[in-house]
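My notebook is open and I'm about to look at this one. I'll jot things down as I go.

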Amino acid sequence: MNKKGYAKTTIKSVIALLIFSSVLEISSKNIYNYLIFVATWLGLTAIYEVYKYSTKYTLEDDGVHVKSPLKSNLIYYHNIRDVFMTEGFLQRRFGLSSVYIITPKEAIAVRDLNNGKEFLNLIEDRIGRARTD
């Protein structure tokens, strides 16, 4: 688990909550309903973070193994069409990046990596080796 990733996701959620709250009419009559709304929002954010960071990515000899709470999948290196890295504004502030793996059937995002460039280089090297074999 990546503490910086948790912090980034929480900050994004709180920013969205603040923007949404700015258009609500909050008064003393409905403050309890608003507090319930905030608690629900933050609870759903926590559930999302647990799901997001429980997905594990490992580099195997023949492909990238993606294991999430709902499924497990092996993406063979010879099936990968493209792989690239991105950094959003908050990711740069936290020293994180995301690596995207593109196959003919799907696009997989490996989000909030501390060492995204290293991960990208390892995958590119293994793709190159898989194509020459």
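Which residues in H2 are buried? I looked them up: Tyr 34, Val 38, Thr 45, Glu 49, Lys 52 and Tyr 53. Buried means under 20% relative accessible area, exposed means over 50%, and partly exposed is in between (1.4 Å probe, protein chains only).

Ground rules before I go on. This is a predicted model, where local features need pLDDT of at least 70 and side-chain atom pairs count only at pLDDT 80 or more, while totals for chains, interfaces and linings use all residues. Residues are numbered from 1 along each chain as its sequence is written, and side-chain values use heavy atoms, with hydrogens and water left out.

**Entry: the helix H2**

I checked what covers the buried residues of H2, and found that the cover includes H1, strand E1 (56–59) and strand E6 (107–113). Helices (H or I, at least four residues) and strands (E, at least two) are DSSP runs, numbered from the N terminus. H2 has 24 residues and reaches 34 Å from its first C-alpha to its last, close to the 34 Å expected at 1.5 Å a residue. The expected span is 1.5 Å times one less than the number of residues.

Val 50 lies in H2, and at 53% relative accessibility it counts as exposed. Val 50 is 24 residues from Leu 74 in sequence and 22 Å from Leu 74 in space, C-alpha to C-alpha. Ile 47 and Asn 79 are 32 residues apart in sequence and 32 Å apart in space, C-alpha to C-alpha.

**Entry: the helix H1**

H1 has 19 residues and spans 27 Å from first C-alpha to last, close to the 27 Å expected at 1.5 Å a residue. Its buried residues are Gly 5, Lys 8, Thr 9, Ser 13, Leu 17 and Ser 21. They pack against H2, helix H3 (89–94) and E6.

**Entry: H1 against H2**

How do the axes of H1 and H2 cross, and at roughly what angle? The axes of H1 (residues 3–21) and H2 (residues 31–54) come within 10 Å and cross at roughly 150 degrees. That makes H1 roughly antiparallel to H2. Axes are lines fitted to C-alpha atoms, for helices over the stretch in contact, and angles run from 0 to 180 degrees between N-to-C directions. Angles over 145 degrees count as roughly antiparallel, under 35 as roughly parallel, 65 to 115 as roughly perpendicular and the rest as oblique.

Next I listed who meets whom (contact means heavy atoms within 4.5 Å). On the H1 side I noted residues including Tyr 6, Thr 10, Val 14 and Phe 20, and on the H2 side residues including Phe 37, Trp 41, Leu 42 and Tyr 48.

**Entry: Ser 68**

Ser 68 sits in the loop between strand E2 (63–67) and strand E3 (72–76). Is Ser 68 buried or exposed? Ser 68 is buried, with a relative accessible area of 15%. Not counting residues up to four places away in sequence, Ser 68 touches Tyr 51 and Thr 55. Ser 68 and Lys 52 are 16 residues apart in sequence and 8.5 Å apart in space, C-alpha to C-alpha.

**Entry: Asp 112**

I found Asp 112 in strand E6, and at 3% relative accessibility Asp 112 counts as buried. Its phi is near 55 degrees, a positive value in a residue other than glycine. Most residues other than glycine have a negative phi.
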